Amino acid sequence: MKLISIVVPCYNEQETVEIFYKEIIKVINELPDYGFEIVYINDGSKDNTAEYIYKLTKLDSRIAFIDLSRNFGKEAGLLAGLQYAKGDAVVVMDVDLQDPPNLLPELISNWEKGHDIVYTRRTNRDGEPLIRSWFAKLFYKLINKLSDVEIVDGARDYRIMDRRVVNSLLDLGEKNRFSKGLFMWVGYDCKCIEFQHVERVAGETSWSFWKLFGYAIDGIVSFTNFPLKIASIFGIIVSLLSFIFLIYVVIKNTIFENPVSGWASMTSIICFLGGIQLIVIGVIGEYVGKVFNEVKARPQYIVKDYIESSFNKGEQNEN
C-alpha cells in the first residue's frame, strides 16, 4: 500500500481546520488502496488554530502536527511540511477548501499513470477584486518573459508530487524560496488539471494586496536578474542624455552668455536623475538583501512541537 502525504499549511485558520478535515476524510475513505497522512503545519497562528489541530491528532492517528515557534511565512511552512512528509507522493493543499478535495482521486490517478507532478490550474478569478486579478495576470506575463521558467497563469500550489520530485525540491539549498517557480524549475513530467474558482469555505484570507505584491517581487527576484539589467540600461540612457544636455548647456552659455536662465529645468533634471538613482539602488538592494539572507544561514523555520502520524501499511484508520 502506497502512502500519500497531504501537506496543509495553516495560519489563523481556526474556522477551517475541522471543516477541511471532514471534507478530506470523505474523499480519502473512498480510496482504500492507499494509506494517507495529513500533515498540518501551524505557522505561528495568533488564533486557536493550534488547539484545533491538536484535538484532531487525538481523533485520528493519520494526522501529523508541525507547530512552528512563530510565523515564518508561507514558504517556510510549506518547506516544513515537505521535509516532514513521509509519503511515496506528497499533495499540497490549502486548508480553506479553495483547493477542491474531490479532485484528489484524479490527481492520484494521473500520478499512477506516470506523471511525476500533477498540478491544478484555476481557469477563472470570479469574485476576486479586478485590480488584484489585473496585477496577477501582469505578474505571470512578466515572470514568464523575464525568466527561463514558465509558470502557468492561474496555477495553484494544489498538486501531487512523486517522492523523487519532493527530494529534488528538498535538495535545493536556497533560503529565499518561491515554490511556484521551484515546482516548475525542477522539471519532471507534468500534467495540468483545470477547475473553476472556489470561494473560501469560512474565515478571511491573510493575503492582503501588498503581501501578494511583495510575494510577486520575491518571485521575480528569485528567478531572474533582468531587473539588474534594466537598472544598467537606465544608467546608460540617462548618462547619454545628461552628456547631450551638458553639451547643449556649454554651447548655449558660450554663445548667449546667460548662465542664470534654465535653473528650473536644471532642478527638474537633477530631481529626475536622483529618482532614477534611487530606483537603481533599490533594485540592487533587493538582490543584496537576498544574498544577505542566504549567507546568514539561519534555519528557515523552528519547530516548537511535532506530533508524528502513525501509519501501518496493512490497515487504515476508520475515523
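## The sheet

Two strands count as paired if DSSP finds at least two bridges between them. With that in hand, let's look at this predicted model. Eight strands form an open sheet, and reading across it gives the order β7-β5-β6-β4-β1-β2-β3-β8. The pairing in this sheet is mixed. At the edges sit β7 (190-195) and β8 (303-307), each of which pairs on one side only. From one strand to the next, the twist averages 20°.

## A closer look at β4 and β6

One pairing is worth a visit on your screen. Strand β4 (residues 89-92) and strand β6 (residues 155-162) run antiparallel and are joined by four bridges. If you find A89, you will see D162 of β6 standing opposite.

## Helices on the sheet

Helix α1 packs on the sheet, where it touches β1 (2-10), β2 (34-42) and β3 (63-68). The direction of α1 makes about 165° with that of β2. Helix α2 lies across β1, β2, β3 and β8, and runs at about 155° to β3.

## Where the two helices meet

Helix α1 (residues 17-28) also packs with helix α2 (residues 49-59): the angle is about 35°, and the axes are 9 Å apart. Which residues meet here? From α1 come V17, E18 and Y21, while α2 brings T49, Y52, I53 and L56. Sorted by class, this contact of α1 with α2 has five nonpolar residues, one polar and one charged.

Definitions and conventions
Residues numbered from 1 in each chain as written. Predicted model: local features only at pLDDT ≥ 70, side-chain atom pairs only at ≥ 80, totals over all residues. Heavy atoms only, no water. Axes fitted to C-alpha atoms, helices over the stretch in contact; angles between N-to-C directions. Contact = heavy atoms within 4.5 Å. Nonpolar A, V, L, I, M, F, W, Y, C, P; charged D, E, K, R; others polar.
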